[in-house]
Amino acid sequence: MLKPVPRTLLRDSAYAAIRDAVVRGDLAPGTAVRDADLAEQLGLSKAPVRDALARLADECLVERKPQSHTRITPLLPHEVRDAAAVVRAMHELAARTGVPTLDDAQVATMRTANRRFAAACAAGDLDAALAADDDLHQVLVDAAGNRAAAATIARYTPLIRRLERHQFSPAGAARSVTLHEQLIDACAARDAARATDVTARIWQSLVDLAADPTLT
């Protein structure tokens with residue numbers, strides 16, 4: 001006999017599905033959402049959806065006003081800029097502490113991820129490009145072994161991912177490939193200081209992008 005699925009798993013599944021829809025833009029900024037509608041689309045009861053929306057509100061992807069409305073948060077530059085600055089700092093920490101522990105296999109994984117990233121960008125496959133980018137940087141996050149840093153990155157990356165998807169350009173992708181190569185070379189040399197500097201430049205570009213007055 002099958003065992004009932006734990007409620008926490010349903011909540012987490014609802015959270016992941018709604019978060020991804022927000023980040024992809026399937027649920028556009030400013031869109032009003034209802035627990036019942038989302039629950040029906042996901043094939044779930046309203047309880048895990050409500051829990052998911054509460055978590056997303058805490059992460060600034062959804063805004064809720066009791067007795068009024070729940071809607072997808074507009075793309076607000078100052079919030080994205082703050083999130084990008086925090087994520088940048090955590091990735092710098094991961095590079096500084098993780099690079100000295102790297103082995104050759106981990107460096108090879110980063111090179112493979114960057115090749116996938118470049119190919120996906122060339123093909124215009126944004127989803128594959130972002131997945132490859134995540135895989136590349138995750139090597140250093142895992143090597144650092146700092147659970148607080150990893151959790152902070154996981155929490156705030158969806159906010160800046162909306163900006164990345166909104167402002168993606170071939171020129172920006174080409175620059176990212178080059179910066180990734182510089183980062184990987186520093187990692188191969190076990191040069192933590194240089195890897196940290198390149199990491200700062202990679203993520204600072206998103207901080208700068210969020211400061212663009214033309215961002216809507």
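Okay, let's start with L140: leaving aside neighbours within four places in sequence, L140 is in contact with A94, A95, G98, V99, L102, M110, L183 and C187. Contact here means heavy atoms within 4.5 Å.

Quick housekeeping. This is a predicted model, so local features need pLDDT of at least 70 and side-chain atom pairs count only at pLDDT 80 or more, while totals for chains, interfaces and linings use all residues. Residues are numbered from 1 along each chain as its sequence is written, and side-chain values use heavy atoms, with hydrogens and water left out.

Back to L140. It sits in helix α6; helices are DSSP runs of H or I, at least four residues, and strands are runs of E, at least two, numbered from the N terminus. Is L140 buried or exposed? At 3% relative accessibility, L140 counts as buried. The cut-offs are under 20% relative accessible area for buried, over 50% for exposed, and partly exposed in between, using a 1.4 Å probe and protein chains only. One of those contacts, L102, is 38 residues from L140 along the chain, and the two C-alpha atoms are 8.1 Å apart.

The expected span is 1.5 Å times one less than the number of residues. Which residues of α5 are buried? They are V107, M110, A113, N114, F117, A120 and C121. Looking down the axis of α5, these buried residues fall within an arc of 140 degrees, so they line one face of the helix. The arc is taken over the directions from the helix axis to the C-beta atoms.

What covers that buried set includes α6 (126-144) and α8 (170-188). On the face of α5 turned away from the buried side you get the exposed residues D104, A105, R115, A122 and A123.

Now the ends of α5. At the start, a side-chain oxygen of D103 comes within 3.1 Å of the backbone nitrogen of A105. Just after the helix, G124 has a positive phi of about 75 degrees.

Next up, α3. This one runs over residues 46-58, so 13 residues, and reaches 18 Å from first C-alpha to last, close to the 18 Å expected at 1.5 Å a residue. The buried residues in α3 are P48, V49, A52, L53 and L56. They cover an arc of only 140 degrees around the axis, which puts them on the same side of α3. After α3 comes C60, with a positive phi near 65 degrees.

On to charges. How many salt bridges are there? The count comes to 17, where a salt bridge is a side-chain nitrogen of Lys or Arg within 4 Å of a carboxyl oxygen of Asp or Glu.

Take R71 and E63: their closest N and O atoms are 2.1 Å apart in a salt bridge. R71 is partly exposed at 29% relative accessible area, and E63 is partly exposed too, at 23%.

E59 pairs with R55, with the closest N and O atoms 3.7 Å apart. E59 is buried at 7% relative accessibility, whereas R55 is partly exposed at 37%.

Then there's R88 with E92, a salt bridge at 3.3 Å, N to O. These two are 4 residues apart in helix α4 (residues 77-98), so about one helical turn separates them. R88 is partly exposed at 22%, while E92 is buried at 19%. As for networks, salt bridges with shared partners join R11, D12, R55 and E59 into one.

And what about a buried charge without a salt bridge? That's R162, where the nearest side chain of opposite charge, E79, is 6.6 Å away. For that, Lys and Arg count as positive and Asp and Glu as negative, with His and the chain ends not counted. R162 lies in helix α7 (residues 147-167). Not counting residues up to four places away in sequence, R162 touches V22, V23, P29, L61, I72, T73, P74 and L75.

Last one: H166 is also in α7, and H166 is partly exposed, with a relative accessible area of 40%.

Methods. Polar contact = N/O pair within 3.5 Å; in protein donor to acceptor, adjacent residues only side chain to side chain.
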